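Student: I have a model open and would like to understand the words used to describe it. Could we go through them one at a time?

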Amino acid sequence: MAIEPRKPPSQLLPKLQRALGGRAGWSGFVLQLLFVAALAWISYEIVANARANLQAQRITAGFGFLANNAGFDVSQSLIPYSGSDPYTRVFFVGLLNTLLVSAIGIFFATLIGFLVALGRLSPNWLLSRISGGYVELIRNLPLLFQILFWYLAVLAALPNPRQSISIFDSFFLSNRGLVIPKPIGQPGFEPFVFALLIAIVATIALWRYARRQLFQSGKFIKVWPYALGLLIGLPLLSALIFGAPVSFEIPALKGFNFAGGSRVIPEFVALTLALSTYTAAFIAEIVRAGILSVHKGQMEAGSSLGLQRGSVLRLIVIPQAMRVILPPLTNQYLNLTKNSSLAVAIGYPDLVSVFAGTTLSQTGQAIEIIGITMGVYLLISLVTSAIMSFYGWRISRSMGG
Amino acid sequence: MKRVSLVVTLALAAGLSAEAASAQTLKTVKDRGMLSCGVSQGLPGFSTPDDKGNWTGLDVDICRAIAAAIFNDATKIKFVPLSAKDRFTALQSGEIDVLSRNTTWTLSRDTSLGANFTGVTYYDGQGFLVKKSLKVNSALELNSASVCVQTGTTTEQNLADYFKGNNMKYEVIAFGTADETVKAYESGRCDVFTSDVSQLYAERLKLATPADHVVLPEVISKEPLGPMVRHGDDQWFDIVKWTLYAMVGAEELGMTQKNVDEVAKSDKPEVKRAVGTDGNLGEQLGLTKDWLVRIVKAVGNYGESFERNVGSGSKLGIARGLNQLWSKGGIQYAPPIR
């Protein structure tokens, strides 16, 4: 007599109930439905009311203004921009500036954060106290104050362009920023980049091969001499055959400022410095908590295998700590991105400054512009979260759970 | 600042302005017992608070004159300090009844913001402030300079036009508030600070050594500054408009804060009409017959207010110039009060 496997009970209804707030029966469902309906009604009312009022006051509405000429200039732009471009262009200029300062800020904040956390956990008394002092000092001072400190106290103290600090007569540091020679592409540029790409791909392949060998047969292959040879040799070879990839435009003082060369404006430096040091203090605490959450038996086990402290941290402790670190770390990344809107205080042309600031007051279309700006920040945050979730998913998968 | 404009925007979106937008501003102000007036965050001569929190300035006097005409009390005002970029939103949302904040009258502002300019309180133009040590004598020598400017102003666009028109390169650094802009200029981040000339004189006073800085002779734009009110309330528009004309008219009639009671007794028909002993002009505006007397008693005539705040009686020491009466070589002119 065959035993019929019992069908599992349908999961649909309980799942639905849970999704709707966990109240049993239909009363919960009805409540939820009412709530959603009320929410929809309120949003409709807000939109309809705003439209009616705007019309009654004859305030221009809609997105037609985006095609109009902006008519103002911006100090830093990653894409070609002039005052005769439309407001859409201004939007992208601001957005790219925000993304630039956020990305570089996140990179340095993570780097400094990890170093400070490791320093704080170090057995070295002085190092751990200095790291602790850093965290307590930086995280307890308001961010705006720190941005103004870097901008008005540190960078503004640099000499004016005529007395700028020069290095090899090609790098100039002054209160107008850092001016560096600007690379200009030559005919040899494309082969050079191609050679470099090949070298990078080959290095990665080599590294993976060596790793597999190590894990499978325990054979240790020294990769770095080959990698170095590839990364330097191939581009060098290309330069020898096809000529120099770039020539440099050397900046020179002309009139009030430097002409030629590329310039890093002090607003950008001040904002990046303030954002990364500030966020690093929080990241340091998160990393420290993550490392401490790993059982110390793991550390001891690593040591008893004969691994050095650094290797134990890198190979055993931090991979496990990452699971704890990642969610709050994502928060910090989001905070940094949003905090970059304080840029307006020091005149860095970020999205809020040029779009929700200048563009808003020139067109007066507050609802549209604030709406777009909020939508963009939301989008940036969601994308950041998604990337971090993906990373977290990969970590937990690679650790088998 | 972002938060302010956000709150204001949401208020606007939520339709909290429905009441304020209707044609009842005078009633709203009377019921509230207070005029809500949008001013700058501190611009000497135009609107600035002293150490006791009392606001003074040419723009402030307009607010005081309106309050005096309505309440016969020039202190019944709530001053709302606004940055350049938040000012229009505050007016649109009904947070303020009148915007009196050195705002340049342009066609697009007059048409697209849902607000109207009521007149010109000060004829200004844009200029440049530079350090004397740079030895610059003309704005045309400013090629490649770094220029500090306050964001959200007509200044930013005039600047772009001027440098482009003269084939000069420049770098612009735009700050949220006037104070931040001046601080950056003073720290040496910029070679030039550009704004309306009156504002350059005013901000120069805040610098450590004002004498080291000079305003260049070029005036590169027309900047007629005036108060704004919302669309849709013609009575309120008239009141604000005629408050300024009352001040200019009083100067034309030779009425001052001191002699107003004397002059009011005069038999001259135009004086009798103005002070309300003949006819009911004030009532036609929705005010009282003695509205003009109230205004002059509170803030004086236009000339007095000018000299006290920005002219010879002030630290700014700006000459009347275009702001002199039409009969004395300027262009300030009031339509007949009759």
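Student: What makes you say that helix α9 of chain B lies across strands, and which strands are they?
Tutor: In this predicted model, helix α9 (residues 197-204) of chain B lies across β8, β11 and β12 of chain B. The direction of α9(B) is about 125 degrees from that of β11(B).

Student: Which sheet do those strands belong to, and what is their order?
Tutor: They sit in an open sheet of 5 strands, ordered β10-β9-β11-β8-β12 (chain B), with mixed pairing. On average, neighbouring strands here are turned by 30 degrees against each other, direction ignored.

Student: Why are β10 and β12 of chain B said to stand at the edges?
Tutor: Count the partners: β10 (170-175) and β12 (213-215) of chain B each have a single partner strand, so one side of each lacks a neighbour in the sheet.

Student: How do you know that β9 and β10 of chain B are paired?
Tutor: Pairing asks for at least two bridges. Strand β9 (residues 145-150) of chain B is joined to β10(B) by 6 bridges, and the two run parallel. One residue pair to look up is V147(B) with its bridge partner V172(B) in β10(B).

Student: Which helix packs on the sheet and touches β9 of chain B?
Tutor: That is helix α7 (residues 154-165) of chain B, which touches β8 (126-131), β9, β10 and β11 (192-196) of chain B. Its direction makes about 155 degrees with that of β9(B).

Student: Why is strand β5 of chain B called largely enclosed?
Tutor: A residue counts as buried when 20 or more other C-beta atoms lie within 10 Å of its own. In β5 (residues 98-104) of chain B, 7 of the 7 residues are buried, so the strand is largely enclosed by the rest of the structure.

Student: Which strands are joined to β5 of chain B?
Tutor: Strand β1 (residues 35-39) of chain B is joined to β5(B) by 2 bridges, running parallel. C37(B) stands opposite V98(B) there. Strand β13 (residues 223-230) of chain B is joined to β5(B) by 3 bridges, running antiparallel, and L99(B) faces M228(B) in β13(B).

Student: Is Q332 of chain B buried or exposed, and how do you know?
Tutor: The cut-off for buried is 20 or more other C-beta atoms within 10 Å. Q332(B) has 26, so it is buried. You will find Q332(B) in the segment after α15 (302-309) of chain B.

Student: Which residues is Q332 of chain B in contact with, beyond its neighbours within four places in sequence?
Tutor: They are V248(B), Y302(B), N323(B), Q324(B), L325(B) and W326(B).

Student: How is chain B divided into domains, and how many residues of each are in contact?
Tutor: Domain 1 covers 2-123 + 224-328, while domain 2 covers 126-221. Between them, 16 residues of domain 1 of chain B are in contact with 14 residues of domain 2 of chain B. By class, the domain 1 side has 8 nonpolar, 6 polar and 2 charged residues.

Technical notes
Residues are numbered from 1 along each chain as its sequence is written. Chains are lettered from A and ligands numbered from 1 in the order in which they are written. This is a predicted model: local features need pLDDT of at least 70, side-chain atom pairs count only at pLDDT 80 or more; totals for chains, interfaces and linings use all residues. Domain bounds come from an automatic or database domain assignment. Two residues are in contact if their C-beta atoms, placed from the backbone, lie within 7 Å. Ala, Val, Leu, Ile, Met, Phe, Trp, Tyr, Cys and Pro count as nonpolar, Asp, Glu, Lys and Arg as charged, and the others, Gly among them, as polar. A residue is buried if 20 or more other C-beta atoms lie within 10 Å of its own, exposed if 12 or fewer, and partly exposed in between; C-beta atoms are placed from the backbone. Helices (H or I, at least four residues) and strands (E, at least two) are DSSP runs, numbered from the N terminus. Axes are lines fitted to C-alpha atoms, for helices over the stretch in contact, and angles run from 0 to 180 degrees between N-to-C directions.
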